[in-house]
Amino acid sequence: MGNKHSLMLQDSDIKSIQADTGFSASQIERLYSRFTSLDKGNSGSLSREDFLRIPELAINPLGDRIVHAFFQDNTTSARRAPHTSDCWVNFKQFVRVLAHFRPIKRNQENKLNSREEKLRFAFKMYDLDDDGSITRDEVLAVLHMMVGENISEDQLISIAERTMLEADVDNNQMITFQEFCTILERTDVEQKMSIKFLK
Amino acid sequence: MDYLNHVRNYVAPALENDIWTTIDSLRKVFLHEEPSTIEKMYACFWSAMSSALPYAATVYWYIFTTLLLVATVGRKLKLRRFYIQVLDRVFSWVAVKMVVTANKEKMRRRMSLGEVDDLTSDDDDESESETTFYRDIGLEKQENLDEEVIQYKIQAEHPNSSQNSKSLESSWEEIFSEIEKTETVAEHTEMQKIPGSISCENQQKSLDGSFKKSEELHFSLDAPMVYLSAGVRAIVDNCVNSSFSREQLKTWNLLSRTIVRKKEIAKSRTLAGFFFIGLIIRYCFLMPMRVLVLILSLTNLSLWTFMVGRLPQGPFKRMINAYVVSWGFDFVAGSLSVVARFHDKHNRPSGGIAVANHTSPIDGMILATDNCYDMVGQRTKGLLGMFMSALAKSSAHIWFERTDARDRQATTRLLWEHTQHPELPPILIFPEGVCVNNTAILEFRKGAFEVDCDIFPIAIKFDPVYGDAFWFEGGFTSYCMSMMTSWAIVCDVHYLPPMRRGQDESASHFANRVRSAIAKKVGLVELPWNSLVKSSVFGTEKWDKLKVDRQREQQKQFLRELSPSQTSDPGVFKFR
């Protein structure tokens, strides 16, 4: 891919992103090249449309939720730094979210891609209103996204209720992050929530 | 002061007009003082240049006319192929030089710091990135860095083979002959795949495959995880975008537009020097010559097609047309230094319809240098449009307007009528509809496959190291400019044996069969998308319906995976 923009990424930026996420310098440069190729308007940041222009992402049933994850980081940091808007993702935020999917390496310090962080990312997929807990309606909504109109509404509701029964141990009609982790104890999260990043 | 004597004794006498004495005398006359050092140097320089200029101009003229001759009669004398061989040697030298520079840098860093610079990458990362780098540039490192002589083996065979190790001191002929051995296209594509990435064919399969491995038989909260990974993988790198951008090269080809690793180039003075020499050669010699040849050849072609167009219809006209057009196109192809190798000429199309994969606007022209075709295409304006109307007079080409629905039906009828006459030249169609970057092939449009006649598949594979012919942005003139400042356009054309639609076969099934044959021949990835997807990549909104359909397919797939289990485990939720 073209390389004109890598001049705009300073060495100090690369070092701080390295420390923050654990990617190597060449991986960061490759991601930056990808970032600029997605950034059609050359504005130095990505909008939701830029993400959804990727065909494979646009047809993914959870595409909207994935894109939301990038912008969700903004709203939390917006409380700290008011000048960041939640309509744009800059490169640092882009890499931060992608860092959650780094494979876990045994002899390395893993900050953003630890098992707990990966589970937290999956938890946020369900938690539509970002209140820290998953309700039955939220499970239903995600099921809707994944299955579409191929099942009747009643069957969907039964599935959702069944899932809530299994997971909600203390019966407060919502699944907290702890309960989420407990029920997924035996899942190989490392393998399912990791992708290979080329150097 | 001795330089002054040097100037006076050696340089000044060589000058035709004695500027030195002129300036000297002028100064003495007007200012009553000696000229300063800088002024003297300027005077020398100026006089040297002005005397050397006529010689430089003559040299330039000679080189120019030589190149012109090469471009015009070069095909017969196989001069273009010789030029390609010279380029091959230069590129292989460049590749090795880059590795040597990289290693020197690494050794220097290690010696000065005493440890690895990069604190967060462990040994696995380092060696993996090295091997990827070497694979990127077509070589594979065999020894560790502490040895004096670093051994390389050229990846002439399969990447995992352990033969063909060469030491750095081996001659360039040996290295070149190893590269020559890679004639088979299948091995070529093996080299092009970067191991460890998810290749495009497997991207879709991995989504389905991981579902099948899953032991969860009811909906569990981790079921969406595979979709999440697939989505994020698509964000990091997706097949569609990578099929519409310039192909990555295995070795650097001394062009600024293909620089991937700037550091090695900046640090080695020889490489930078070669780059600048290449720049001068391309912009000062090759490009003006090519522009001139293009103008000449286009006027030549238009003239001849006009004259052929005046002839009365009949077999004589067709014969003359075939000969004239292929010669005329070869002349035009010379303006871009096109070297096309044709394989399996016994399968050359005659009558019927020929289909090929589409990478650039000059595909049709390249194919027409070997055989005469009637083209089918979209009417365009500008340079290309004038060209099309010139061609239309000499033979039965079919030009249409894609947006006009009636025109489309008329075109199908014209196609059918054309195929009813076997003495007419074959029709050339590019069923993909858009240009792809020659690593992948889109789904074919079924229009050409509905007609019941022989289909001749043709597979075109460009070698992008000499110049990338893929057109994806900008106007046609800027595209021409970028091609004219490349080294050459090299491609392999394979004629496949003719295929015919089966009795009960649908047009789309037949189209896929033909597509697979072409893809397998030259190692292209078969993408499960049609040409509408290009408009999604480049920003227009035409493909919403396609998107919705595909989403529904994914949802159905997910549903199938949640299907009822065989056991009667009460924990399992069954649904109809």
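Predicted model: local features only at pLDDT ≥ 70, side-chain atom pairs only at ≥ 80, totals over all residues.
Residues are numbered from 1 along each chain as its sequence is written, chains are lettered from A and ligands numbered from 1 in the order in which they are written, and side-chain values use heavy atoms, leaving out hydrogens and water.

**Exercise 1.** Classify the ring pair A:Tyr32 and A:Phe35.

Step 1. Rings of Phe, Tyr and Trp (its six-membered ring) pair if their centres lie within 6.5 Å; planes under 30 degrees apart count as stacked, over 60 as edge-to-face and the rest as tilted.
Step 2. The centres of A:Tyr32 and A:Phe35 are 6.3 Å apart and the planes stand at 20°, so this pair is stacked.
Step 3. A:Tyr32 has a relative accessible area of 9% and is buried (under 20% relative accessible area; exposed is over 50%, partly exposed in between; 1.4 Å probe, protein chains only).

**Exercise 2.** Classify the ring pair B:Trp252 and B:Phe275.

Step 1. The distance is 5.9 Å centre to centre.
Step 2. The angle between the planes is 35°, and the pair is tilted.
Step 3. Both B:Trp252 and B:Phe275 are buried.

**Exercise 3.** Describe the surroundings of B:Ser486.

Step 1. B:Ser486 is buried, at 1% relative accessible area.
Step 2. The B:Ser486 side chain reaches the backbone oxygen of B:Ser482 at 2.8 Å.
Step 3. Not counting residues up to four places away in sequence, B:Ser486 touches residues including B:Leu255, B:Arg257 and B:Tyr466 (contact means heavy atoms within 4.5 Å).

Conventions:
Polar contact = N/O pair within 3.5 Å; in protein donor to acceptor, adjacent residues only side chain to side chain.
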